[in-house]
Amino acid sequence: MSLQGRNALVTGGSRGIGRAICLELARQGANVAVNYAGNAQAAEETAAACRELGVQAVTIRADVADAAACEAMVKEVISSFGSLHILVNNAGITRDNLSISEADFDAVLDTNLKGAFCCCKAAYRPMMRQRYGRIINMSSVVGLRGNAGQANYSASKAGLIGLTKSLAKELAARKVTVNAVAPGFIDTDMTAVLPEAAKKALLKTIPMARLGQPEDVARAVAFFAADETAYVTGQVLCVDGGMAV
């Protein structure tokens, strides 16, 4: 599979899974716009690593929960690259608590779910006009199974699955596919801070008995972004070592 000549926008692309996605798309030949919320240095490091792979890369700061900012971001990508073919809605936050406040519920839904909706809305118009597009939404295994202390995060990720399936039906006639990737527990900064006892308990829930790597998720995204998967839409691909089985 090759993404040569394709242009991609990855939200939350400055580090972790987002960075791995940017690098995998660049490795496949796509030009990459790296969206970030606050860490400009990390975003530029990701973009620089993409350029080393021989593609164009730019960084764009935008709050995905702001619809106007999403519109401006998509316009900037098209201005930089000439078109937008691939949108990866990866930006997300957590506010975990067994007793979640209304503010924390709203914050997570605004970024994780509304943010993806705003980016989709900004991107699918030009995609429909060119009759080509790939939208990949980053859900989660907890969107399928739920998780104590993550009612807000689980709701946002479950909502992304509904958004994915609905948009897949709405956009299919214009040759725009919409799919979701649902990672399990991946070896990132977020899981690195877990206590050792918590990690051991976590591994018992994973049939493969190990954490996934960001690159595992990135390859699933690249699969959905490829021309070869033009007849695949509305699907959820779990990258979780068997957790959701």
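Buried means under 20% relative accessible area, exposed over 50% and partly exposed in between, with a 1.4 Å probe and protein chains only. I keep that beside me for these entries.

**Ground rules.** I am working on a predicted model, where local features need pLDDT of at least 70, side-chain atom pairs count only at pLDDT 80 or more, and totals for chains, interfaces and linings use all residues. Residues are numbered from 1 along each chain as its sequence is written, and side-chain values use heavy atoms, with hydrogens and water left out.

**Entry 1: Ser 156.** I started in helix α6, where Ser 156 sits; helices are DSSP runs of H or I with at least four residues, strands are E runs of at least two, and both are numbered from the N terminus. Is Ser 156 buried or exposed? Ser 156 is buried, at a relative accessible area of 0%. Leaving out residues up to four places away in sequence, I find Ser 156 touching Val 108, Leu 109, Asn 112 and Leu 113; contact means heavy atoms within 4.5 Å.

**Entry 2: α4 against α6.** Next I looked at how helix α4 (residues 102–130) meets helix α6 (residues 151–171): their axes come within 9 Å and cross at roughly 15°. Axes here are lines fitted to C-alpha atoms, for helices over the stretch in contact, and angles run from 0 to 180 degrees between N-to-C directions. The two helices α4 and α6 are therefore roughly parallel; the label covers angles under 35 degrees, with roughly antiparallel over 145, roughly perpendicular from 65 to 115, and oblique for the rest. The contact residues include Val 108, Phe 117 and Tyr 124 of α4, and Ser 156, Leu 160 and Leu 167 of α6. By class, I note 15 nonpolar, four polar and two charged residues in this contact. For the classes, Ala, Val, Leu, Ile, Met, Phe, Trp, Tyr, Cys and Pro are nonpolar, Asp, Glu, Lys and Arg are charged, and the others, Gly among them, are polar.

**Entry 3: α1 against α2.** Helix α1 (residues 16–27) and helix α2 (residues 40–51) have axes that come within 9 Å and cross at roughly 20°. That makes α1 and α2 roughly parallel to each other. On the α1 side the contact uses Arg 19, Cys 22, Leu 23 and Ala 26, and on the α2 side Ala 42, Glu 45, Thr 46, Ala 49 and Cys 50. I get six nonpolar, one polar and two charged residues for α1 with α2.

**Entry 4: Cys 50.** I then followed Cys 50, in helix α2. Cys 50 is buried, with 0% relative accessible area. Beyond four places in sequence, Cys 50 touches Cys 22, Leu 23, Ala 26, Val 32, Val 55 and Ala 57.

**Entry 5: the cores.** Which residues touch the most other members of the largest nonpolar core? They are Ile 21, Leu 25, Val 88 and Val 181, out of 33 residues; such a core is a set of buried Ala, Val, Leu, Ile, Met, Phe, Trp, Tyr and Cys residues joined through side-chain atoms within 4.5 Å. Apart from this core lies another, of 30 residues, with Val 74, Cys 120, Ile 135 and Leu 167 among them.

Entry 6: Arg 131 is not a glycine, yet its phi is positive, at about 55°. Arg 131 lies in the loop between α4 and β5 and is partly exposed at 41%. Lys 175 also has a positive phi, near 65°. I place Lys 175 in the loop between α6 and β6 (176–183), and Lys 175 is exposed at 53% relative accessibility.
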